[in-house]
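Please open the model in your viewer and keep the selection tool at hand. The tour below moves from one selection to the next and says what to look for at each stop.

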Amino acid sequence: MNTSPVGREVARVDGRLKVTGAARYSADHSAPGQVHAHLVTSTVAVGRIRSMDTARAARAPGVIAVYSPFNPLRLYVQQGMGESYAPFQDQNVRFRGQIIAMVVADTVEHARDAAALITTDYERGTARTSLSDLSPGVPVPPVPEQPPASATVLEPGVPSIAAALEESEHVVEAEFHSPAMNPSAMEPHASLAVWRDDQVTVYSGAQIPQLQALSVAARLGVSPTSVRVLTPFGGGAFGSRVLMWWDTALCAAAARQLGRPVKLVLTREQVFTAVGHRGQVDQTVRIGATRRGVLTAIEHESDAEIPAVGGWRMVPAVDTTAMLYATPNLQIDQRQVTLDLPPTCAMRGPNEAPGAFALETAMDELAHELGIDPLTLRRQNYTTAVPGTSTPWSSKHLDECYREGARRFGWSRRSSRPRARVDGEWLVGMGMATAIYPANRSPLAEVRIRLRDDDTAVVSTGTSDMGTGAWTMLAILGADSLGIPLHRVTPELGDSALPMGAPAVGSGATAATAPATQAAAGQAVAALLREATTHPRSPWVGRDPASLRYDQGRIEGDGRSLTFGRFLRTVGLPAVEATSTAPRGPEVEQYEFHSFGAHFCEVRVNRYTGEPRVSRFTTVVDVGRVVNARATRSQIVGGVIFGIGHALLEDNPLEEATGRYAATNLADYMVPVNADVPPIDVHWIGEPDTVMSDFGARGVGELGTVGSAAAIANAVFNATGVRVRETPITLDKLIG
């Protein structure tokens, strides 16, 4: 009988800790003698600090220290990782919201009140803040082992993409704009730094704890062995906790100088500028096709924001347009525009979400103009290999996603004529789009399994759980690999001192952790059986190891059977353990690895006010083998909700003259709430990707975000006949 928890509906093993308040997040930690810090940020977009009056702040009640360019903490820029400047090391202002001072006091309130007393005199410069004014940008620089940002594939005899488009029987050309968006996790960024001699422990949210530890060390100029980062629980990240921002380094530097633990919690407003955001991007998509809808050429151009202080290399076409549809002629040209704005980061679906919005909206426009069903258009341009190459997919069941999604949603009831369906004062429309996301798997992920004499196992790895379910994932994988009940597995994660974990980024943690867990379990069992045949107190000492076998937590052989815990107690060993990784093989060069999905959406648009509402949503995905059905469903639902925000709500308006973002709180920055979220039907194909790994899992988390905004926009068009190419799709764009 199969007793494995893999693929079942498993409740979170950390759920009770969270609902009872026992789970401690970064700001929940405290240390004896701790003091509190508060940041001061710039109020100009670019310029130089002439002077700063900190005298009143220094005399304020409870104040211990005030740091600024005139009384700096020593910090170092970490080359190639994150921002290209260090706070307090000069008087230059590079963007509005840059950290320019920090107050440390005995209480949070004293630090905050003293910070408000600091005044700054600036020499103002002229900031570059307009993407459109500076486009086109410069080519995106190449990155080793990453796909090129620009590429051209032409069939023999075709001189250029322009020629291919000119020869096409029908061409659609559309321009798109996505504004700046912010990964506003529920938990604000917070740090607590505690030094003991030359060792520092930092409690701070980190999607990659080991990288955070290296970053703290580099920015403080100390040995990496001196830093330990603890992040057992995280209240959301969405890419904003991949790299370390300067608040954590400042906290650790102040704690070292003062000889006391320092805690720093960013205000909600500070999170919007001291932490990265998704940069704005302009895109142009041109699609050529025959009158029957066979694609003949695709061209995708983009100009994306890149802050002068550094940020995410946005390439929206690499894993969308360059991957999705069969076309003999393809060109992508991705550029970046340098602006004097806060840093950018890899916000969830960082390239693919804006890229899919442009491509999938243009595909819908092509289908409408040709009089072809949008689903039919995608099916007849289906590809089993990477366009322009013979490289096959490791596993691809997108065609099944199309079929099952259409059936579950009732796509056959859609009318191709906009405004054809009216329900009272509501115009009702249907739309669909394709989802695609790279299937990442870190070759460095390590897992340690320790079999203990109480018949339990500890499964340890340095990955983190930002709320995505990694605690439960690790417990499930341990139980499955060892053949023991879930309650007998204790997961350990979120600690840079543990074996190197899979980065909780790029939807790759589970895909990397699963094969590493299997390998570690195999080695732990092998170590157990070695003890069984060699330990002088073992009942199997001297036996041929081949005569013993391990099965569901028991050692069996020669008519004897003992649980591993009973055996360890018998021989007097507290535990046996093994650590392993599952490095990638030659398949990396032979296949392309992606996850796929299909979104189907119904919207209702008020015919009088233009108010858009998503009324129901169906998403079917191909993500390989599913570890936890409950968590997978939750991840896809969360991704679709992210897409609703992208399509209808999220925008941080920029005052171009001042470089100020207007929505730096959760009242003005709009995200979906319960009233905005319809019933979301989620289904997965469930075919393991055994090329990816023997376990067969691929990434889930970000896939639901990709294409969901386009499905909504396409449904809005079907409802109203109005094509909106700039997000968010607000009612003012639908009336007039």
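**A tour by selection**

In this predicted model, begin by selecting Gly 371, which lies just after helix 9 and takes a positive phi of about 70°. If you colour helix 9 by accessibility, 17 of its 19 residues are buried, so helix 9 is largely enclosed by the rest of the structure.

Next, select helix 12 (residues 470–482) together with helix 13, whose axes come within 9 Å and cross at roughly 40°. That angle makes helix 12 oblique to helix 13, and the crossing is right-handed. Showing side chains here brings up a contact in which residues of helix 12, including Met 473, Leu 477 and Leu 482, meet residues of helix 13, among them Thr 510, Ala 514, Ala 521 and Val 525. By class, this contact has seven nonpolar, six polar and no charged residues.

On the helix 13 side, select Leu 528, Glu 531 and Ala 532, which meet Phe 564, Phe 567 and Leu 568 in helix 14. Sorted by class, the contact of helix 13 with helix 14 has five nonpolar, no polar and one charged residues.

Technical notes:
Residues are numbered from 1 along each chain as its sequence is written. This is a predicted model: local features need pLDDT of at least 70, side-chain atom pairs count only at pLDDT 80 or more; totals for chains, interfaces and linings use all residues. Side-chain values use heavy atoms; hydrogens and water are left out. Contact means heavy atoms within 4.5 Å. Helices (H or I, at least four residues) and strands (E, at least two) are DSSP runs, numbered from the N terminus. Ala, Val, Leu, Ile, Met, Phe, Trp, Tyr, Cys and Pro count as nonpolar, Asp, Glu, Lys and Arg as charged, and the others, Gly among them, as polar. Buried means under 20% relative accessible area, exposed over 50%, partly exposed in between (1.4 Å probe, protein chains only). Axes are lines fitted to C-alpha atoms, for helices over the stretch in contact, and angles run from 0 to 180 degrees between N-to-C directions. Angles under 35 degrees count as roughly parallel, over 145 as roughly antiparallel, 65 to 115 as roughly perpendicular and the rest as oblique. A crossing is left-handed if the near helix is turned anticlockwise from the far one by less than a right angle, and right-handed if clockwise.
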